[in-house]
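I opened my notebook for a friendly look through one model. Here is what I looked up, entry by entry.

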Amino acid sequence: MTDWARHIIEIPIFMEANARIHELRKLLNEHNHRYYVLCAPTLTDAEYDELYRELVAMENRFPDLKDPNSPTQRVGAPSKGGFPAPGD
């Protein structure tokens, strides 16, 4: 198979991966918000972990689609506030 033919075949795979990665990021961001901010999760930990592992695998398979704002690149969530400032 020529490089050109291989490239034509890989484009739809890349585009499908891109769509799925965006979908997983959106889902995980929504569930992070529900869990950390609203204290109202709608997924079990196992369900969340399954989606997270899928996203990690997809980003590893398609490193050009990695994003520093991905849930796989961040730790935790912003504080809900209400904590005293240091020194108070």
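**Ground rules.** I am working with a predicted model, where local features need pLDDT of at least 70, side-chain atom pairs count only at pLDDT 80 or more, and totals for chains, interfaces and linings use all residues. Residues are numbered from 1 along each chain as its sequence is written, and side-chain values use heavy atoms, with hydrogens and water left out.

**Overall.** I counted 2 helices and 0 strands in the protein. Helices (H or I, at least four residues) and strands (E, at least two) are DSSP runs, numbered from the N terminus. Of the 88 residues, 19% count as buried; buried means under 20% relative accessible area, exposed over 50%, and partly exposed in between (1.4 Å probe, protein chains only). Taking contacts (heavy atoms within 4.5 Å), I noted that 59% of those with a separation of 6 or more join residues 24 or more positions apart.

The largest pocket has a volume of about 310 Å³. Of its 17 lining residues, N32, Y35, Y36, Y48 and D49 are the closest to its centre. A pocket here is an open set of points on a 1 Å grid over the protein atoms alone, where a 1.4 Å probe fits, with protein on both sides within 12 Å along at least five of seven lines; lining residues have an atom within 4 Å of a point. Grid points are joined across faces, edges and corners, and the volume is the space filled by probe spheres set on the points. I see the largest share of the lining, 5 residues, coming from α1. By class, the lining has 8 nonpolar, 5 polar and 4 charged residues. Ala, Val, Leu, Ile, Met, Phe, Trp, Tyr, Cys and Pro count as nonpolar, Asp, Glu, Lys and Arg as charged, and the others, Gly among them, as polar.

**Core.** The largest nonpolar core has 10 residues: A17, I21, L24, L28, Y48, L51, L55, M58, F62 and L65. Two or more of them come from each of α1 and α2. Such a core is a set of buried Ala, Val, Leu, Ile, Met, Phe, Trp, Tyr and Cys residues joined through side-chain atoms within 4.5 Å. I also checked I21, which touches L55, M58, E59 and L65, not counting residues up to four places away in sequence.

S70 lies in the segment after α2 and counts as buried, at 0% relative accessibility. Leaving aside neighbours within four places in sequence, S70 is in contact with R25, L55 and E59.
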